[in-house]
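Good morning, and thank you for coming. I would like to take you through one protein model, beginning with a single term that we shall need along the way.

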Amino acid sequence: MLPLLTMGFPTIRPRRLRATPELRALVRETTLDARDFVYPMFFNAAIDAPRPIGSMPGIDQLPLSAARAQAKAIKERGVGSVILFGLPKTKDDRGTSGLDPDGPVPRAIAEMKSAVPELVVMADVCVDEYTEHGHCGVLRKRADGTMEVDNDATVEILAKMGVVFAKAGADVVAPSDMMDGRVAAMRAALDAEGFTSTTLLSYAVKYASSFYGPFREAADCAPKFGDRAGYQMDPANAREAIREAALDEAEGADMLMVKPALSYLDVIRDVRKASNLPLGAYNVSGEYSMLHAAADRGMIDRDRAILEVLTSIRRAGADFILTYHALRAAELLG
Ligand code: PBG
């Protein structure tokens, strides 16, 4: 038994350590730093001016002409990383426009890297933004006539997409599709093209979540039929997260991610303990929008809630956080 437990009140008084801001700072276990935030951005090839995303206050779809100024403004706020999503001019059933070197993501990567070379530019790799049907892969008919996403055919496309983004200058490519084997295939494709230093961040543990709702408006990628439960994880499963993380680590992922964050803090903690790779967590669109909706109605203090949410994700074990709150949080942290 620890000696601490043999004593109690009135000798032991935990409140002593909470008496002043300085004492609280001294014993604080978890810190937030703007350099640990990754700011997600949506580049739309078909617009000339920022277009507000109705369900995500403060977040816009951006024209490519805004990329350079955005990169500088983000850097000035002290945020060191961004992750880019694209809205292309055309879509088809295989997501072909996602492989276009002149597509919105490759162009935004090039612009942002040339404006601010030290900015860490990540690119989300998935076909859902580029397919008409909105699924994260190419479809095929099962024997019973229902449709499913064809894993292996999709992996081939994803590996090519990773190379397109690496060629444009992405520091990090981040597959978010949840196909089996895509990490190994993407690593091999990158290495074969000489992109041995391009970093691979795997959305290793991604749940089929209701909290992606606003993103599907932001990136115009809601599935036209069915849902993503045939490839994204069941929210009921935690052991499976360890398995997914271990597989992606073995396939050569440099960093892992858990997504969403807030309903999955236990999973972040589990993966943190199971792997020594750097771990990110995605504080997703629905989590962002809910906080703003509650704040707009006066139910919670917006800024305190932002910092509390981000602190809780770090406390659970995430090294870095993909979050739409990045710029405001950086401002609050001064
Ligand atoms: C898929 C992708 C999604 C998100 C990031 N990448 C949507 C989905 O899986 O349906 C969601 C991010 C968010 O909700 O903020 N390319």
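A residue is called buried when its relative accessible area is under 20%, exposed when that value is over 50%, and partly exposed in between. Please also keep in mind that this is a predicted model.

Let us apply the term to P88. This proline belongs to the loop that connects β4 (81-87) with α4 (104-115). Is P88 buried or exposed? Its relative accessible area is 11%, so P88 is buried. For a sense of distance, P88 and L256 are separated by 168 residues in sequence, and their C-alpha atoms are 27 Å apart in space.

I turn now to the ligand.

Some contacts can be described atom by atom. From S176, a polar side-chain atom is 3.2 Å away from a nitrogen atom of the ligand. In the side chain of R228, an N or O atom lies 2.8 Å from an oxygen atom of the ligand. Q232 likewise places a polar side-chain atom 2.8 Å from a ligand oxygen atom. The ligand taken alone would expose 400 Å², and the protein buries 100% of that area.

Next, the backbone. Most peptide bonds are trans, and most residues other than glycine have a negative phi.

F9 and P10 are joined by a cis peptide bond, with omega at about 10 degrees. P10 is part of the loop between α1 (3-6) and α2 (21-26). Another cis peptide bond links K259 to P260, and here omega is about -10 degrees. P260 falls in the loop between β10 (255-259) and α9 (265-274).

Which value does phi take in M178? It is near 70 degrees, which is positive, and M178 is not a glycine. M178 lies in the loop between β8 (172-175) and α6 (182-192); its relative accessibility is 5%, so M178 counts as buried. D220 also has a positive phi, near 50 degrees, and is located in the loop between α7 (213-218) and α8 (239-250). With a relative accessibility of 42%, D220 counts as partly exposed.

Definitions and conventions:
Residues are numbered from 1 along each chain as its sequence is written. This is a predicted model: local features need pLDDT of at least 70, side-chain atom pairs count only at pLDDT 80 or more; totals for chains, interfaces and linings use all residues. Side-chain values use heavy atoms; hydrogens and water are left out. A polar contact is a pair of N or O atoms within 3.5 Å; within protein, one must be able to donate a hydrogen and the other to accept it, and residues adjacent in sequence count only if both atoms are side-chain atoms. Accessible areas come from the Shrake-Rupley method with a 1.4 Å probe; for residues, only the protein chains shown count as cover. Helices (H or I, at least four residues) and strands (E, at least two) are DSSP runs, numbered from the N terminus. Buried means under 20% relative accessible area, exposed over 50%, partly exposed in between (1.4 Å probe, protein chains only).
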